[in-house]
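Please consult the sequence and the structure while reading.

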Amino acid sequence: MSERNALARQARTNLFIEPVQKLKIISVCVLAVFSALFARTGQAQQPDQNRSFSERFFGHNAAMTALQPTWPTPLVETDPRLTQYYRFAFSNQYAAAGTQTVNYGNARGGGIVAWNRFEFDFLSPPYIQHNSAAVDGFGDCSVFIKARIVSANAEHGNYILTASGMHTFATGSSKNGALTDSWTPQLAGGIGLTKRIDVESSLSGNMPTGKIATQGRTIVWNALVHDHVSEHVWLELENNATFYFSGSHDGKMQNFITPAAFYVAKNKEWRPTHPYLVFCGGMQIATSGFHTYNHNTIAEMRVLF
């Protein structure tokens with residue numbers, strides 16, 4: 001009897017330790033991001049001691065224009081460029097059964113650029129409202145690192161290629177997240193075809209750390225075209241394809257066409273160190289016979305600094 005009680009106590013202890021360990025890992029990742037920020041700031045002090053911390057910090061996006069293209073961050077696809085930002089997002093989608101799901105946050109967050117080569121992001125957990133019998137709650141959070149491999153601005157070719165990796169922590173509540181943590185490696189790039197038009201694409205794979213038979217694995221391929229129609233307005237058309245391996249959707253594929261528009265709120269009189277806003281929105285429309293959701297409306301406000 002005492003042995004059974006000891007095992008029960010150990011099980012309860014493990015249930016407590018596991019989330020604590022994950023929180024420790026997340027804290028270490030966040031600290032690494034801020035360490036990278038201060039390292040970059042200290043390095044930036046060398047060429048110009050007269051600039052203040054805020055000028056160096058807020059001027060970093062402007063400095064990146066000399067190293068890479070100046071397209072807007074895609075609505076769904078990962079941006080191949082390095083940017084310093086925070087994204088406030090919202091999505092409203094309908095499942096195949098017709099139920100409505102509202103996602104406050106949409107797995108977006110913020111990022112900083114370090115050493116002109118790397119970007120570190122923290123994607124905060126979204127709050128998911130199901131409007132059905134499912135229990136509402138917070139989803140998973142993720143940390144993300146991006147490395148610029150090669151790039152050129154509009155005067156020298158207008159192209160970029162980056163590699164990235166993301167780790168998602170299974171921190172979701174009430175079955176609003178994954179069963180286990182997962183890793184997502186990715187390659188993304190793009191090239192400007194004309195002064196107005198650019199094309200971009202990314203390829204990634206989601207690899208859970210366990211329970212593969214239940215969760216399965218996915219390969220995601222995105223492609224898009226941008227049209228810079230005016231000084232402040234961009235139009236976008238994306239194709240988002242997901243291929244499923246193992247799990248309940250083994251062998252299936254879902255595809256979406258996503259039209260979107262962007263408005264950049266930035267005056268010519270603003271200095272490069274001034275933060276500015278981008279408002280954007282679009283809708284994912286299913287074009288494949290199999291799809292887990294449809295008519296996913298996405299709206300975002302972005303602060304670039």
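Q: Is Tyr 244 buried or exposed in this predicted model?
A: The model is a predicted one. Tyr 244 has a relative accessibility of 13%. A residue counts as buried under 20%, so Tyr 244 is buried.

Q: Which residue forms an aromatic pair with Tyr 244, and of what kind is the pair?
A: The ring centres of Tyr 244 and its partner, Phe 290, lie 5.9 Å apart, with 85° between the planes. Planes over 60 degrees apart count as edge-to-face. The partner is therefore Phe 290, and the pair is edge-to-face.

Q: How many residues apart in sequence are the parts that the pair of Tyr 244 and Phe 290 ties together?
A: Tyr 244 belongs to strand β12, which covers residues 233-245. Phe 290 is placed in the loop between β14 (276-286) and β15 (293-304). The pair therefore ties together parts whose separation in sequence is 46 residues.

Q: How many aromatic pairs does a search of the whole structure find, and of what kind is the pair of Trp 115 and Phe 118?
A: The search of the whole structure gives eight aromatic pairs. In the pair of Trp 115 and Phe 118, the ring centres are 6.0 Å apart and the planes stand at 90°, so this pair is edge-to-face.

Q: Which residues form one aromatic cluster with Trp 115?
A: Trp 115 is partly exposed, at a relative accessible area of 36%. Phe 118 is partly exposed as well, at 29%. The residues that form one aromatic cluster with Trp 115 are Phe 118 and Phe 120.

Q: With which side chain does the side chain of Thr 184 make a polar contact?
A: Thr 184 is found in strand β9, residues 182-192, and counts as buried at 12% relative accessibility. Leaving aside residues up to four places away in sequence, Thr 184 touches several others, among them Ser 164, Met 166 and Ser 204. Its side chain makes a polar contact, at 3.1 Å, with the side chain of Asn 206.

Q: How many bridges join β9 to strand β10?
A: β9 and β10 (residues 197-208) run antiparallel, and a hairpin joins them through four residues. Within this pairing, Gly 190 stands opposite Glu 200 in β10. The number of bridges that join the two strands is nine.

Q: Which residue of β11 stands opposite Asn 206?
A: β10 pairs in the antiparallel sense with strand β11 (residues 217-228), over ten bridges. The residue of β11 that stands opposite Asn 206 is Thr 218.

Q: Which residue of β14 stands opposite Phe 262?
A: β12 and β13 run antiparallel and are joined by eleven bridges, with Asn 240 opposite Phe 256 in β13. β13 also pairs with β14 in the antiparallel sense, over eight bridges. In β14, the residue opposite Phe 262 is Cys 280.

Q: How many disulfides does a search of the whole structure find?
A: A disulfide requires two cysteine sulfur atoms within 2.5 Å. Cys 280 is buried, at a relative accessible area of 7%, and Cys 141 is buried at 4%. The number of disulfides found in the whole structure is zero.

Q: What distance separates the C-alpha atoms of Asn 267 and His 232?
A: Asn 267 is found in the loop between β13 (253-265) and β14 and counts as partly exposed, at 40% relative accessibility. Asn 267 and His 232 are 35 residues apart along the chain. Their C-alpha atoms are separated by 9.4 Å.

Q: What is the phi of Ala 107, and what is that of Asn 116?
A: Most residues other than glycine have a negative phi. Ala 107, in the loop between β2 (100-104) and β3 (109-114), has a positive value, as does Asn 116, which is placed in the loop between β3 and β4 (118-123). Phi is about 55° for Ala 107 and near 60° for Asn 116.

Q: What percentage of the residues of the protein count as buried?
A: The protein has four helices and 15 strands. Its accessible surface comes to about 15,800 Å², and carbon and sulfur atoms hold 63% of that area. Of its 305 residues, the part that counts as buried is 42%.

Note on methods. Residues numbered from 1 in each chain as written. Predicted model: local features only at pLDDT ≥ 70, side-chain atom pairs only at ≥ 80, totals over all residues. Heavy atoms only, no water. Phe/Tyr/Trp six-rings, centres within 6.5 Å; stacked < 30°, edge-to-face > 60°. Buried < 20%, exposed > 50% of the residue type's maximum accessible area, 1.4 Å probe, protein only. Polar contact = N/O pair within 3.5 Å; in protein donor to acceptor, adjacent residues only side chain to side chain. Contact = heavy atoms within 4.5 Å. Pairing = 2+ DSSP bridges. Areas by Shrake-Rupley, 256 points an atom, 1.4 Å probe, with all protein chains shown as cover.
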